[in-house]
Amino acid sequence: MHSRLTPVLVLTLGLLPAPVAHAEPPIAVQIEVSFLLGYVEGSGCVFFRNGSWHDSRTAQAHLRDKYDYLVARNLIGTTEDFIERAATKSSLSGRAYAVRCDGRAEMTSSQWLRDELARYRTFK
């Protein structure tokens, strides 16, 4: 009986999913995303997400968590991937994120971050 179970056991173990290694995004992307996360946190702006406004520290923590989740699944290859996949809209509701700073008009968080990324790249 033992000899019959061995091939079945080997076959079964071979079908189990192997752990998937994830690659970190390129260092330039890590630096830019860290810069943008710091920009969010230090902005003093308020961020609209899923029907309510959040302070900049809460927004940064949320975006950091989403970034880490996406990195673990190999879904971030560029800084634009971070903006598009983590900082544009809610993964749950699909509603766009927005930002409002210093009494200025509300804008999408996507555009706000793209604008800052362009400024960063100009001066780096």
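**Chat about strands, a helix and a disulfide**

Colleague: New to this one! In strand 2, which residue is the bridge partner of Phe47?

Modeller: That's His54. Keep in mind that this is a predicted model.

Colleague: How do strand 1 and strand 3 pair, parallel or antiparallel?

Modeller: Antiparallel, over 3 bridges, with strand 1 at residues 46-49 and strand 3 at residues 98-100. Strand 1 also pairs with strand 2, residues 52-54, in the antiparallel sense and over 3 bridges.

Colleague: How many residues sit between strand 1 and strand 2 in their hairpin?

Modeller: There are 2, and Asn50 in that hairpin takes a positive phi near 50°.

Colleague: Switching to helix 3. What span should its 17 residues give?

Modeller: Helix 3 covers residues 56-72, and at 1.5 Å a residue it should span 24 Å. Its end C-alpha atoms are 24 Å apart, so the model agrees with that.

Colleague: Which residues of helix 3 are buried?

Modeller: Ser56, Ala59, Gln60, Leu63, Lys66, Tyr67, Leu70 and Val71. Looking down the helix axis, those buried residues fall within an arc of 135°, so they line one face of helix 3.

Colleague: And what covers the buried residues?

Modeller: The cover includes helix 2 (27-42), strand 1, strand 2 and helix 4 (79-86). On the other side of helix 3, Arg57 and Asp65 are exposed.

Colleague: What does Asp55 do at the start of helix 3?

Modeller: One of its side-chain oxygens reaches to within 3.2 Å of the backbone nitrogen of Arg57. Just after the helix, Asn74 takes a positive phi of about 60°.

Colleague: New topic: how many disulfides does the count come to?

Modeller: The count is 1 disulfide. Cys45 and Cys101 form it, with their sulfur atoms 1.8 Å apart.

Colleague: Where do Cys45 and Cys101 lie?

Modeller: Cys45 is in the loop between helix 2 and strand 1, while Cys101 is in the loop between strand 3 and strand 4 (107-108), so the pair ties together parts that are 56 residues apart in sequence.

Colleague: Is that disulfide right-handed or left-handed?

Modeller: Right-handed, because the torsion about the S-S bond of Cys45 and Cys101 is about 110°.

How values were computed
Residues are numbered from 1 along each chain as its sequence is written. This is a predicted model: local features need pLDDT of at least 70, side-chain atom pairs count only at pLDDT 80 or more; totals for chains, interfaces and linings use all residues. Side-chain values use heavy atoms; hydrogens and water are left out. Two strands pair if DSSP finds at least two bridges between them. Helices (H or I, at least four residues) and strands (E, at least two) are DSSP runs, numbered from the N terminus. The expected span of a helix is 1.5 Å times one less than its number of residues. Buried means under 20% relative accessible area, exposed over 50%, partly exposed in between (1.4 Å probe, protein chains only). The arc is that of the directions from the helix axis to the C-beta atoms. Contact means heavy atoms within 4.5 Å. A polar contact is a pair of N or O atoms within 3.5 Å; within protein, one must be able to donate a hydrogen and the other to accept it, and residues adjacent in sequence count only if both atoms are side-chain atoms. A disulfide is a pair of cysteine sulfur atoms within 2.5 Å.
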